[in-house]
Amino acid sequence: MYNVALPHILANVYFMNKKEMTKKHLITCSVMVVLVIISALNIYSTKAIAKAKKIAKLKAGSSANRSKFIFKNIDENDFSFANEALPINNIGVNSRMQRSLLKHNYRYVHSNILQNKAGRLFPIIEPILLAYGIPDDFKYIPLVESGFGEGASSKGAKGLWQFMPGTARTYGLKVGKGIDERMNTRKSTIAACKYIKELYAEFNSWTLAAAAYNNGEIKLAKAINRQNEDNYFLMHLNRETAVYVYDLIAMKAIISQPGKYGYKNHLPIFKPSELLAFN
C-alpha cells in the first residue's frame with residue numbers, strides 16, 4: 001500500500017542532508033581562510049623582522065666595517081665636542097673622523113709648531129671662554145681656522161678667530177684707519193665669545209654653533225630646514241663645514257694626547273717675550 005507521507009519524509013531527509021553538507025562546507029572554507037590568513041601573517045612578520053634587522057645593521061654598521069684606526073689605541077670618550085657625543089659607531093662618521101685624525105697627525109703637521117702655539121695662547125683664551133660660559137673645546141677653533149696664524153684669508157678674514165671686517169665690527173672690534181683689533185688675542189677672543197654665545201642661543205647645540213661659526217648662521221639654518229635634520233653629524237653640508245667639527249675634535253685629541261699621534265717632544269718651547277707678542 002502506497003504511503004502518502006513517504007515523499008514528504010524523503011524530501012525532509014534530503015533537505016536536512018543538504019543543509020548539513022552546506023554547513024560542513026562553510027566550516028571547511030572558514031578553516032582554510034583562517035589558515036591562509038595565519039600563513040600570510042607569519043610570512044609578513046618574518047619579512048618585517050628581517051627588514052628591521054637589516055636596517056638596524058646598516059645604521060649601526062657591522063663590527064667588521066668599523067674603523068680599526070679609531071679603536072686601536074684611543075678611548076671612545078676622546079671623541080666629543082663640548083660634551084656633545086659623536087656617534088662613533090656610525091660608519092660614515094667613523095670614516096670622517098679617521099680622515100681628520102690622519103690629516104692632523106705628526107706626519108702631516110710638521111714639527112711641534114701647533115703644540116707650541118697652543119701652549120702660548122691657551123692660557124690667554126681659556127679664562128675668557130670660561131668667563132663667557134663658552135665650553136673649553138672652542139679654544140681649538142683658532143687652531144683649525146688659522147693654525148694660530150695672523151694672515152688674511154682670500155675672502156678677507158683675519159686674525160686668530162678669522163673674523164671678516166663686518167663681523168668683527170659687529171662684535172666690538174675696531175677695523176680700519178690703521179687699526180685692526182682682529183689681531184689682538186684678548187679682544188678678538190672676547191668678540192668670538194659674544195658671537196658663539198649668540199649662535200648657541202639660535203641653534204641650542206654647541207656643535208651646530210661651531211658649524212655656524214664656519215659656515216654662517218643663515219646658510220646653516222637653511223640646511224637644517226631643507227634637510228629636516230638638526231644633528232650636525234647626520235647632515236649633508238659643504239665640504240669645509242662637513243668636516244669642521246671633526247677637525248676640532250681631532251685637534252682636541254692630538255693636543256690633549258700628542259704622544260698617541262707621533263708628537264714626541266710636545267712640551268711648549270717659547271720665550272716670555274714671545275708670549276707678550278700675542279697679547
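Q: How many aromatic pairs does the structure hold?
A: Rings of Phe, Tyr and Trp (its six-membered ring) count as a pair if their centres lie within 6.5 Å. This is a predicted model, in which local features need pLDDT of at least 70 and side-chain atom pairs count only at pLDDT 80 or more, while totals for chains, interfaces and linings use all residues. Side-chain values use heavy atoms, with hydrogens and water left out, and residues are numbered from 1 along each chain as its sequence is written. On this basis, the number of aromatic pairs in the structure is 11.

Q: Which geometry do Phe122 and Tyr140 form, stacked or edge-to-face?
A: Planes under 30 degrees apart count as stacked, over 60 as edge-to-face and the rest as tilted. The rings of Phe122 and Tyr140 lie 5.5 Å centre to centre with 90° between the planes, and the pair is therefore edge-to-face.

Q: How many residues apart in sequence are the parts that the pair of Phe122 and Tyr140 ties together?
A: Helices here are DSSP runs (H or I, at least four residues), numbered from the N terminus. Phe122 lies in helix α4 (residues 113-131) and Tyr140 in the loop between α4 and α5, so the parts that the pair ties together are apart in sequence by 18 residues.

Q: Is Tyr140 buried or exposed?
A: Buried means under 20% relative accessible area, exposed over 50% and partly exposed in between (1.4 Å probe, protein chains only). Tyr140 has 4% relative accessibility, so Tyr140 counts as buried.

Q: What is the angle between the planes of Tyr195 and Tyr213?
A: The ring centres of Tyr195 and Tyr213 are 5.5 Å apart, and the pair is tilted because the planes are at 45°.

Definitions and conventions: Helices (H or I, at least four residues) and strands (E, at least two) are DSSP runs, numbered from the N terminus.
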